[in-house]
Amino acid sequence: MSDEELDVELEARLEEQEEFEPPEAFVEQANVSDPAIYEEFEENWPEAWERAANLLDWEEEWDQVLDDSEEPFYEWFVNGKLNASANCLDRHLDDRGDEVAIEWIGELGETRTYTYEELHREVNECAAALRDLGVEEDDVVTMYMPMIPELPVAMLACARIGAPHSVVFAGFSADALATRMNSADSEYLVTCDGYYRRGDPLDHISKANEGLEDVEQDATTVVVDRLGDDLDHDLAEGQVDYDALVADHEGAEVEPVTRDAEDMLFLMYTSGTTGKPKGVKHTTGGYLSYVTWTSHAVLDIKAEDTYWCSADIGWITGHSYIVYGPLALGTTSVMYEGTPDYPDKDRLWQIVDDYDVDQLYTAPTAIRAFMKWGEEYPERHDLSSLRLLGTVGEPINPRAWKWYYKHIGNEECPIVDTWWQTETGGMMVTTLPGIKNMKPGSAGPPLPGISADVVDNSGDPVGAGRAGYLVVNKPWPGMLRTLYKNDERFINEYWDEYSIPERDEWVYFPEDGAKLDEDGYITVLGRVDDVINVSGHRLGTMEIESAIVGVEGVAEAAVVGGEHEMKGEAVYAYVITEDGYEGGADLRDEIVGAVEEAIGPIARPEAVVFTHELPKTRSGKIMRRLLEDIANEDELGDTSTLRNPDVVSEIQQKVQGD
Ligand code: WT7
């Protein structure tokens with residue numbers, strides 16, 4: 001987004017800004033309700049972060065809260081020692097061993113319940129099994145699995161033996177799996193035969209096997225049998241059946257490995273500006289403290305709650321707020337395999353009703369779908385168990401916010417609109433639900449201890465009421481530590497050293513546009529880099545473009561995000577064909593197929609527009625902003641710097657003609 005576009009976006013957002021106070025009944029019982037917490041973090045920074053670390057059990061205390069001697073390679077809870085799986089499981093056994101840790105609901109309606117005791121047992125068996133296969137401390141274990149209980153089991157088993165996991169979203173393609181395994185030199189894969197979507201079995205193992213063919217190193221693969229007789233699968237050489245493996249280690253106990261606070265807990269690949277996904281590294285002490293603290297303070301999770309985050313564990317939201325944060329607090333975390341409209345559009349409300357869910361954390365894209373389906377679906381169920389609602393992943397428009405507040409929360413539940421990223425590990429900007437008023441469309445102030453601002457191109461604060469770039473001025477425990485084996489890219493992509501008067505420090509750039517209100521609330525406007533957000537899923541336009549130019553007959557491609565009523569943004573591809581090739585339906589199908597193959601169905605272009613030229617500046621840079629305007633059917637921005645102004649109307653006519 002350009003400065004000018006940020007301003008337009010901002011105007012639209014401010015049109016109907018209102019404030020809502022947190023419901024009194026909620027405040028009375030909130031985990032955090034004393035406003036003094038903001039000053040406390042400010043005055044006592046960074047030591048105040050011990051509050052987060054103290055929610056965990058440490059084998060050895062840290063001797064320094066923050067080491068900032070090698071900016072931006074910050075270290076948190078220096079020399080502290082702990083194990084994440086022990087914190088999520090073992091420490092709950094005495095008091096809460098018989099309480100439910102994971103309440104799993106399959107798409108066909110079958111359920112599996114794991115008490116802490118049972119989860120602990122299976123994690124131990126799985127840890128013993130992985131070790132037996134050769135997994136050693138610091139070996140990266142890749143997981144390519146849908147929402148089945150074996151996924152968190154395998155993650156926690158890895159954490160137990162100090163092997164970082166790298167979970168690849170099951171909807172990603174075989175190519176995407178191979179790229180990530182190669183990048184992480186991962187020699188182990190845990191996957192499954194398939195899963196159900198809308199009642200039908202879906203083959204997954206073929207995709208995994210296809211990916212494995214492109215993995216450079218030898219890989220040992222564990223395969224969970226999810227589909228039983230619904231899908232026959234043969235195990236190839238080097239592949240082992242999960243159940244048999246775990247059964248072989250029945251009753252095994254594995255002592256949790258002592259990890260340093262700064263030891264890697266996991267890697268998570270995410271999209272950036274360039275074509276290569278970035279391997280974001282998160283640590284054991286800082287990350288776990290941070291997600292546990294935010295689960296406590298923002299989601300208001302108590303051990304006796306039944307909490308549900310409807311994200312997929314294949315994304316950071318699921319890591320932080322289905323697995324690590326909730327389990328560290330000893331609560332019951334609901335995990336649902338399927339889609340929200342199968343068998344009917346009230347599936348989510350049925351689950352809230354059946355399980356007496358206390359907190360629901362979901363995405364604006366889902367809320368927009370619920371809104372479209374209509375109130376009659378939530379009205380079929382008793383949703384009075386709900387105490388708090390949350391959203392994450394993309395900006396929420398005030399209309400969707402209000403619908404959620406009224407029809408799901410019955411105006412009795414605070415909504416936390418949580419802004420954060422894969423890189424931040426956990427929530428950064430949101431209201432504390434027991435303290436702050438809510439303003440639909442604005443995420444809220446930075447959390448206590450988080451220092452954020454909105455700046456212009458040269459790093460100067462823009463002041464209240466203006467749009468600019470969101471920055472984070474101080475480190476925080478949940479921050480990424482580096483990009484896997486690429487410190488240089490880590491610095492180049494995220495950090496800048498600004499010499500603003502009185503502020504000569506490293507500043508973190510999340511690549512989002514934002515606006516700061518008079519009251520310190522931050523309204524997030526969207527990405528300012530070449531990343532688009534489709535239904536809360538982050539996609540790199542370069543990755544999509546490189547898939548498209550790989551198709552025979554394609555000379556050049558430019559991909560942008562266009563506004564989409566349900567998905568937030570959708571993929572628009574503008575394509576120039578090579579001489580002798582016709583831009584017709586066949587080529588369009590090939591292009592769509594190539595994108596699905598390289599990334600997955602989530603990146604499928606909404607529109608493929610063939611054109612003779614792309615709008616370029618005199619220096620040859622593609623003006624994506626104009627392509628976005630065309631996709632959105634907006635009035636065009638400035639075309640005076642174009643080398644070829646005529647091309648714009650040509651493309652416009654094509655889009656409108658389609
Ligand atoms: C990008 C990060 C946070 C976990 C899921 C996505 C956008 C996220 C919000 C929000 C406005 C938001 C930002 C951010 N985003 N939450 N509450 N309001 N925008 O993680 O895949 O790393 O994507 O999602 O643009 O940079 P991710």
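Domain 1 and domain 2 bury about 1100 Å² between them, and 51% of that area is on carbon and sulfur atoms. Buried area here is the accessible area (1.4 Å probe) that two parts lose on being put together, summed over both. Three residues stand out on one side: Ser173, Ser271 and Trp315 supply 36% of the area that domain 1 buries against domain 2, more than any other three residues.

Before going on, a word on what you're looking at. This is a predicted model, where local features need pLDDT of at least 70 and side-chain atom pairs count only at pLDDT 80 or more, while totals for chains, interfaces and linings use all residues. Residues are numbered from 1 along each chain as its sequence is written, and side-chain values use heavy atoms, with hydrogens and water left out.

So where are these two domains? Domain 1 covers 71-285 + 312-352 and domain 2 covers 531-657, with the bounds coming from an automatic or database domain assignment. Their centres, taken over C-alpha atoms, are 35 Å apart.

Now zoom in on the place where they touch. Here 16 residues of domain 1 are in contact with 14 residues of domain 2, contact meaning heavy atoms within 4.5 Å. What holds for charged pairs? Between the two domains there are zero salt bridges, a salt bridge being a side-chain nitrogen of Lys or Arg within 4 Å of a carboxyl oxygen of Asp or Glu. The interface does have seven residue pairs in polar contact, both at pLDDT 80 or more. A polar contact is a pair of N or O atoms within 3.5 Å; within protein, one must be able to donate a hydrogen and the other to accept it, and residues adjacent in sequence count only if both atoms are side-chain atoms.

On the domain 1 side, helix α9 (residues 174-183) gives the largest share of the residues touching domain 2, namely three. Helices are DSSP runs (H or I, at least four residues), numbered from the N terminus.

Next, look for the ligand. Among the 17 residues around it, Asp417, Thr418, Thr422, Asp512 and Arg538 come nearest; a residue counts as near if one of its heavy atoms lies within 4 Å. A nitrogen atom of the ligand is 3.1 Å from a polar backbone atom of Gly393, and an oxygen atom of the ligand is 2.9 Å from an N or O atom in the side chain of Arg527.

Finally, find Tyr355 in helix α14 (residues 347-355). Leaving aside residues up to four places away in sequence, Tyr355 touches Glu103, Ile105, Thr111 and Thr306.

Note on methods. Helices (H or I, at least four residues) and strands (E, at least two) are DSSP runs, numbered from the N terminus.
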